[in-house]
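Hi,

Here is the structure I promised to pass on. My notes on the cores and the backbone follow below it.

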Amino acid sequence: MTHPHSKRLPRPGVALAAVAALVAALGLGATGDAGAAEPAPAGMSAPAAARWTDQAHGFASLAGGTTGGAGGKVVTVTDQASLAKYAAAEEPYVIRVAGTVAVEPFGSDVVVASNKTIIGVGDTGEIVHGELHLNPGTHNVIIRNLTIRDSYVEGDWDGKTTDFDAIQMDTVHHVWIDHNRFTHMGDGLLDIRKDSQYVTVSYNQFSNHNKAFGIGWTANVQTQITIDHNWFTGTKQRNPSADNCAYAHLYNNYISAQVADGDPVWTYGNWSRGRTKMVIENSYYNGVQHPYQADATAELVERGSILRKTSGRTDEWGAAFDPRDFYDYRLDRAAAVPALVEKFSGPQRRIGVTLDVPGAYPTVQAAVDAVPDGNDVPVTIAIAPGTYREKVFIPATRPKILLRGTGHDRSDTVIVHDTPAEYGGSTGSATVRIAANDVTARNLTFSNDFDEAAVELKGEQALAMKTTGDRIVFENTAFLGNQDTLMTDSPKLTTVSRVYVRDSYIEGDVDFVYGRATTVIERSVIRALSRGSDSNNGYITAASTWKGNPYGFLITRSEIVSDAPAGTFHLGRPWHPGGEPDAVAQVLIRDTRLPAAIKSSPWTDMSGFSWKDARFTEYRTYGPGASVTTDRPQMSDRDARSHTVSAYLAGADGWAPHTRR
């Protein structure tokens, strides 16, 4: 069975917009570990996701890499007890912090054990009055997308009476600190101490504080650390201070609005201390005293940075090291840094939990199983190119999942199985079943490659996909099969579920788009496969719409294609499951091209139920298979105004996935 490449039908009347990207306008450098920015239509910002990936970069990516809790269960916490429980557990966890977690007593530690990802939900996850603490030996930890704030003790500007950091770690390795906001804490905002190794600190905001970010507290020279795209603003010192680091690579950081308290010594930007080897590249210093300085025993190489309204030391001596001897990276122009860092540092709404298949989870089902029951925030399952021969079930208890193929084309990532209805019924035959609400699939192929011609079975239905959930979206997907390829259903007859299919491909021969869900297929290609007959090669639709639902199937602005002989394919027939009289099919095919294979009388009876009692209509169909006859009901212009994509999908909650681009 072939896996057709993506083919998106043009949208009539919509001209192609000129292409431009915010990051291009800002003069970004060559692509490295962070990936190239995608272009955006003129007048719009580039996608935020273009500025980061979910994989650690820099030193944290070396020596086995940093994956955090990948492969473990995903949990959502809203209180201190749950956060502390999962953070300290022995097994790996991806811990999502939803809303504000207030820590008591004031300034207390939350201990983080190895193999953990702690990540804020959207841009509102925060830890208040407490510290994340990594004890010696802890490793493989990711802390992302959080705000950690407000353990400052009034009057204790130097933090001498408390040690209430935002994050503190001693003798750890493989840690990635990314897209966090640290502000107004008791001592340091971020302390990386005592021979910690393989650390990356990226896209964070450090603000409203005295001692921002310190590295060292050791006589040894072991720490390797990457520090990029961070914003230090309203801070006084340690931006950062790096003591006895083997390698400290600082690039594209922005230091601005430094606190000015008249201190001539301990107000500074970056400091290479002890025997540190430091490289600074393309950073931006605005209103900073002593932008970068080095001890006589240290080395500091600086290149490409911009200094504006600065004073004091700008030391440069020694050869330090070449970061590209260790890893590749994207270096942005220094002039672009303030705008980039102000926009993309700190927590971001579009950073969420991404579960990688097969990188962290061996199968798609394993990733689905890692999503918690009662899931209430989006989770992305990113599926690498390949063929996954498995059956996948997303239960009703796991909503808000995005299945996303990461290949260039939908044909690159295929989920396939070969079960016919003979073995487990039509539902049991489905390669993928989606019972949850709010599930989206993108850039994927779903296939049931059961070969109906190779064997003789009573039950040859073989579903590639069955849905019963509400608000299901398929974008740039393909559904491959023969009989009953795509079933869009609902939990029961009188329950209305909605499915939206856009820019996709569906193929089959008998009843291969069927069910009772309200289903819109837009800008897609539907291929009616020939069974070698000169008279009847099959049926495209078999709707079983509840009679109380005015909206069943809408196929619009699409194209039906077929290599079957002329006049041998039906548009559909009415399916009454179990003889249910209240299942009265509703199908509208509008603004769609029909092939010569379509019969001149394209609707037909099924199981004793007349097609004339169903709600079958066409509107402005065209092509060699389109005509107007007494056996082809045509919708009036007036009725067509109320049978639009919006009307089919809106429901009581105003769902409008078709408006998203």
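A definition to start with: buried means under 20% relative accessible area, exposed over 50%, and partly exposed in between, with a 1.4 Å probe and protein chains only. This is a predicted model, in which local features need pLDDT of at least 70 and side-chain atom pairs count only at pLDDT 80 or more, while totals for chains, interfaces and linings use all residues. Residues are numbered from 1 along each chain as its sequence is written, and side-chain values use heavy atoms, with hydrogens and water left out.

By that scale Lys-309 counts as exposed, because its relative accessibility is 64%. Lys-309 also has a positive phi of about 55° without being a glycine, and sits in the loop between β28 (306-308) and α3 (337-344). Helices (H or I, at least four residues) and strands (E, at least two) are DSSP runs, numbered from the N terminus. Asp-591, in the loop between β49 (586-590) and β50 (615-619), has a positive phi too, about 50°.

Two cis peptide bonds may interest you: Asn-239 to Pro-240, with omega near 0°, and Val-357 to Pro-358, with omega about 5°. Pro-358 lies in the loop between β29 (353-357) and α4 (364-370).

Now the cores: a nonpolar core is a set of buried Ala, Val, Leu, Ile, Met, Phe, Trp, Tyr and Cys residues joined through side-chain atoms within 4.5 Å. The largest has 67 residues, and Ile-540 is among those with the most contacts inside it. A second, separate core of 53 residues includes Leu-83 and Ile-280.

Best wishes
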